[in-house]
Amino acid sequence: MNVMNVDLHCHSTVSDGWLEPQALVRRAASNGVELLALTDHDEVRGIDAAADAAEEAGVRLVAGVEISVSFAGETVHIVGLGIDHHCPTLVDGLEVLRAGRDARARRMSDELARCGIVGAYDGARRFARNPALVSRAHFARHLVASGLMPNVKTVFDHYLARGKPGFVEHQWARLEDAVGWILAAGGIAVVAHPARYRLSAADMTRLFDAFSAAGGEGVEVVSGAHSEEEMRRFATIARQRGLLASRASDFHGENESPVDVGRCNPLPPDLTPVWSRLI
Ligand code: AMP
Ligand code: MN
Ligand code: MN
Ligand code: MN
């Protein structure tokens, strides 16, 4: 059997990954990845460096992005694949979206200070290679490095997940806008790690209905953030809705991610892979 090793979701230091785009591509290549998408949060400024490294390493690179969206009181992530990362509609939309992050990070720091954790804004900034993209992951790493918590997951469980003291509500992009920017850039929109959203069954149906109505076409069936049971649940949804299926590690770094780049399970063979439209 000759199944291509495809990984269409991972992060570099341009958002909250641990590896520079070049090093990430080299790791993917040594793990046997043949087709790789770099999908930094709300950012495309790692694509050019990744593309150069991919050419050297003999990997095919898909230009991607993971856009933060607010939907039904939850944060939902929409991945764009095969985008023109210079498209002004996309670039301008992402710039506006990123601009809200600094004030959010200051508010998070203020909330943490109320629980006795001071200086978290500066601490998180030290972990963020891209000052325009401070994410909760950077706060979590700072708290671990300070010795306050044993690992990143525990920080999220105690402080950073929705409803916890360091979580602040934030208005991300509208679903229709995020999908629209991806389509304007010639890309394919994909719902990232759908099992991770705390949505009612009715809201999950509304999400996929609105996503398709906006022109979205794909869903991550295999994700580093999915159990096998969750994978089967979204394989069924992909079949029922005729969605293209993606395979996605969501790799951030060696000690933080359950699945290494290129090391996810294969897609169920009856699904239509989203990469049939990318190669
Ligand atoms: P943000 O975009 O700032 O809200 O940060 C979201 C990022 O935080 C995700 O992309 C993950 O990297 C990380 N994250 C979110 N929830 C968790 C969790 N429960 N455990 C570990 N990392 C998480
Ligand atoms: Mn992340
Ligand atoms: Mn995500
Ligand atoms: Mn991701």
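**Close-up views of the manganese sites**

**View 1. Two manganese ions of the predicted model.** The manganese ion (ligand 4) and the manganese ion (ligand 2) are separated by 4.8 Å in this predicted model. The manganese ion (ligand 3), in turn, is 5.7 Å from the manganese ion (ligand 2).

**View 2. Protein donors of the manganese ion (ligand 4).** At 2.1 to 2.2 Å from this ion lie its protein donors H9 (NE2), H11 (NE2), E66 (OE) and D250 (OD), where donors are N, O and S atoms within 2.8 Å of the metal (3.2 Å for Na, K and Ca), and where a site may look incomplete because water is not among the atoms. Along the chain these donors follow the spacing H-x1-H-x54-E-x183-D. Since H9 belongs to the loop between strand 1 (6-7) and helix 1 (21-30), and E66 to strand 3 (residues 60-71), the pair ties together parts 57 residues apart in sequence; helices (H or I, at least four residues) and strands (E, at least two) are DSSP runs, numbered from the N terminus. Both H9 and E66 are buried, that is, under 20% relative accessible area with a 1.4 Å probe and protein chains only.

**View 3. Protein donors of the manganese ion (ligand 3).** E66 (OE), H77 (ND1) and H193 (NE2) are the protein donors here, at 2.1 to 2.2 Å from the ion, and their spacing in sequence is E-x10-H-x115-H. H77 in strand 4 (residues 74-81) and H193 in the loop between strand 5 (188-191) and helix 9 (201-213) link parts of the chain 116 residues apart. H77 is buried at a relative accessible area of 15%, and H193 is buried at 7%.

**Conventions.** Residues are numbered from 1 along each chain as its sequence is written, while chains are lettered from A and ligands numbered from 1 in the order in which they are written. Local features need pLDDT of at least 70, side-chain atom pairs count only at pLDDT 80 or more, and totals for chains, interfaces and linings use all residues, with side-chain values using heavy atoms and leaving out hydrogens and water.

Technical notes:
Buried < 20%, exposed > 50% of the residue type's maximum accessible area, 1.4 Å probe, protein only.
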